[in-house]
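Have the sequence and the model open side by side.

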Amino acid sequence: MKKTKAWMAGFLLLVFVFQMAFGALVFADDTDMPEPAGAPNIAVVNGPVFEVEAGKENEVEVQVRNLSSSLANSILVMPKLQEVGDNPMTITLKSPSNNISSISGNASRKLTFLVNVDPLAEAKTYAVDVEFSFFNNDQVHYSTSSTIYFKVTNYAVGNTRVTLSDITLSPSTLEAGETGTLTAKVNNPGPLTLLGVNVNLTGLDSAAISAVGVNSTVFPTFPLGESRTVSFEIMAAKDLAVGNYPVTFEITGKDANGASVSFSQQYYVSVGNAAAGEEGEIVLQHMQEPSGTYGINENFPITFDLYNKGKAAVEQVKVTAAEYGEGGNVVPKSASVVSFDEIAPGQSVPVTFTFAATANASSRNYTIEFTISYTQDGETTTLQQYAGANIINPEKDEEEEEEEGKVSKPKIIVSEYQSDPRIVMAGEEFNLYMTFLNTHPEKAVRNVKMYLTMVEETSGESETSANIFTPVDSSNTFYFDSIAPKGTVDKSIRLYTMPDAQPKTYTITVNFEYEDLEGNEFTATELLGINVKQSSKVETSEISMPPTMELGMYNSLYFDIYNTGNVELSNVKVLLSGDVDTQNKSTYLGNCAKGDSLYYEGSFAVLNVGENNVVVTLQYSDPSGEVISQEMTYTIEGTEPAPMDPTMMDDPSMMAPEETGPSMKTIVIGAVCGVVVLIVIVIVVRKIKKKRADAYITHLDDEEEEDEDEENEQPGEQEEKK
């Protein structure tokens with residue numbers, strides 16, 4: 001009994017040791033052997049398009065997020081332009097350092113980029129890669145990259161100006177047959193440098209005022225804010241009568257962005273008595289004639305300045321405006337007479353008249369005459385100036401044709417036109433081919449002027465207009481000497497479409513001004529339709545696909561979708577196809593405005609052992625209704641699931657633990673320890689059994705020896721023992 005109790009105590013002690021050892025191992029597994037730190041994932045999550053202005057320092061706020069649950073340390077931020085050539089901007093962080101100490105899992109930080117854009121930067125979108133270099137808690141190095149876009153706006157484009165000032169003639173009055181020097185100051189008020197500035201003196205006539213030598217000056221470079229002086233030698237014709245004769249300064253060039261710049265201004269050359277130079281002299285400057293075509297009762301203004309270029313004051317200045325000729329077709333809507341008591345030397349006075357056509361007007365150009373008179377030293381001086389306005393009145397034209405026995409007038413139309421390509425992409429150039437036909441079978445036309453109007457009118461709180469098309473290296477005005485009856489002429493022009501033009505059909509107006517052989521003037525307009533398409537562009541964040549996957553194991557898939565184009569996208573979908581099993585093969589995400597982003601999240605499992613093709617399709621519709629698809633194909637190697645021991649499947653204690661239970665590593669270590677303890681128990685039991693067997697054998701041997709002793713004893717001794 002004592003031996004049995006000792007053996008049981010030893011067995012219980014071993015069981016206790018086994019439990020303590022197993023518990024200690026589990027505790028050690030949970031505390032002394034932590035899981036790896038994991039892989040952080042740093043990315044830019046806002047934008048991705050940010051607008052910056054040329055010629056200034058822009059602050060751009062970027063939100064950075066750790067998309068994983070792992071801590072990221074020592075994060076280095078490095079923004080880099082994708083197009084390094086001809087770089088128009090510099091990008092730095094507003095903080096003193098490019099380093100971020102750390103970002104916790106699923107946490108965000110805000111960064112501010114300072115973006116300095118060159119004043120001459122082209123107005124377009126530049127791609128910038130924001131690269132991140134960082135470590136996890138195990139000091140393992142990682143790097144990620146996000147792409148953002150800086151859309152440069154350059155408000156200087158199209159606003160460049162050139163002006164003219166300080167026009168003087170020496171001597172101030174020319175005598176017939178004499179020469180003088182005409183001087184003016186050309187100014188560049190900005191905002192950009194001008195290139196190839198050509199100053200021409202036009203409106204010259206050998207029978208009136210002509211140039212002696214050259215009549216143009218070229219400045220290859222004209223910096224912002226500077227002024228240049230031009231001088232031309234002119235001569236009055238020998239038999240020229242006393243009066244004031246106009247010449248025109250015409251200035252053309254381009255700004256540093258390549259946009260055309262033009263300016264013109266008239267100057268009146270005084271011809272007469274040299275002594276008049278000491279007197280007052282009124283000239284008309286800066287006349288603004290009406291452009292375009294005006295209907296009946298449609299007001300149009302005409303403005304100009306009265307300038308006293310003499311050295312004495314003039315008095316009783318009166319300006320009278322009226323239609324030149326028969327009258328009654330174009331009449332003033334404002335006062336027809338404007339008067340001033342006095343205009344001092346060097347003084348400039350603005351004058352404005354408003355006119356409108358009456359129902360009596362025909363469709364043609366009408367001339368308006370301005371008569372200026374003033375008095376000095378008891379003598380009155382008078383001069384005239386003229387301006388023109390295009391009037392259209394179809395009803396009057398029909399009446400005139402009926403009165404003339406339906407005698408038709410020559411008419412020019414656009415008989416054929418074609419754009420190449422037929423659908424024009426915004427931000428690109430295209431060729432426009434046109435054929436003009438004189439529809440009259442008998443009458444020819446001459447002095448044909450044709451010009452294009454390419455302005456898109458918009459309405460809102462205030463009416464605005466914008467040029468949708470601009471000529472490339474040419475003017476939008478052309479001239480033809482004549483077009484024969486039933487004859488045609490061809491013309492082609494290369495045009496550029498504005499990058500922000502919305503997708504639709506735009507109208508180009510072709511304006512004609514011409515006359516017949518009798519000198520009758522006519523105007524006509526034709527409309528051309530140009531179909532413009534805006535390019536759509538979609539990009540995604542990095543799509544992470546595993547190189548291998550076990551069959552039956554699902555992989556999570558998530559990425560951002562960025563609309564980096566210039567139009568809104570509708571019906572955005574993501575489709576998963578190929579050798580995959582997924583619950584959502586098509587996911588509808590909705591609409592995405594320009595510059596916005598969407599987020600996709602899904603999961604899938606591969607079907608085959610070996611190569612599996614996984615296709616991610618991004619599908620959307622642009623404003624024209626066209627469905628656009630972008631396919632991204634990936635190859636994933638499928639592997640068999642890891643084999644399991646059938647006995648482990650039957651034993652409930654070996655089934656996969658609950659998520660809250662001990663890990664697989666803990667179970668394996670515990671099992672090994674259990675096997676070791678069992679081996680120890682078996683050895684101990686075997687030793688105990690062997691010891692008991694040895695004791696039993698010793699006991700039998702003792703009994704045999706006693707029997708032998710009893711057999712050898714004498715009968716008397718045996719009786720004594722009994």
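Strands β22 (residues 314-323) and β26 (residues 364-376) run antiparallel and are joined by seven bridges. Look across from alanine 321 and you'll find phenylalanine 370, its bridge partner in β26. Both strands sit in an open sheet of five, ordered β20-β27-β26-β22-β24, with mixed pairing. At the edges are β20 (293-294) and β24 (337-343), each of which pairs on one side only. Strands here are DSSP runs of E with at least two residues, numbered from the N terminus (helices would be H or I, at least four residues), and two strands count as paired if DSSP finds at least two bridges between them.

A word on the ground rules. This is a predicted model, where local features need pLDDT of at least 70, side-chain atom pairs count only at pLDDT 80 or more, and totals for chains, interfaces and linings use all residues. Residues are numbered from 1 along each chain as its sequence is written, and side-chain values use heavy atoms, with hydrogens and water left out.

Now for aspartate 305, which is found in strand β21 (residues 300-308).

On to the nonpolar cores, meaning sets of buried Ala, Val, Leu, Ile, Met, Phe, Trp, Tyr and Cys residues joined through side-chain atoms within 4.5 Å. The largest has 32 residues, and Phe436 and Phe469 have the most contacts inside it. Among the elements giving two or more residues to this core are β28 (412-420), β30 (429-438) and β31 (445-453). Leaving aside neighbours within four places in sequence, the contacts of phenylalanine 469 include Phe430, Met454, Leu495, Tyr506 and Val532. A second, separate core of 31 residues includes Met287, Leu306, Val351 and Ala361.

Points are joined across faces, edges and corners, and a volume is the space filled by probe spheres set on them. There are two cavities of 30 Å³ or more.

| Space | Volume | Lining make-up |
|---|---|---|
| Largest cavity | about 40 Å³ | eight nonpolar, one polar, no charged |
| Second largest cavity | about 30 Å³ | three nonpolar, five polar, one charged |
| Second largest pocket | about 690 Å³ | 11 nonpolar, 10 polar, five charged |

In that tally, Ala, Val, Leu, Ile, Met, Phe, Trp, Tyr, Cys and Pro are nonpolar, Asp, Glu, Lys and Arg are charged, and the others, Gly among them, are polar.

β41 (555-563) gives the most to the lining of the largest cavity, with three residues. The lining of the second largest pocket also draws its largest share from β41, seven residues. Of the 26 residues lining that pocket, Asn41, Ala43, Leu67, Ser541 and Glu542 lie nearest its centre. In the second largest cavity, β37 and β38 each supply at least two lining residues.

Technical notes: On a 1 Å grid over the protein atoms alone, a cavity is a set of points where a 1.4 Å probe fits but cannot get out, and a pocket is an open set with protein on both sides within 12 Å along at least five of seven lines; lining residues have an atom within 4 Å of a point. Buried means under 20% relative accessible area, exposed over 50%, partly exposed in between (1.4 Å probe, protein chains only). Contact means heavy atoms within 4.5 Å.
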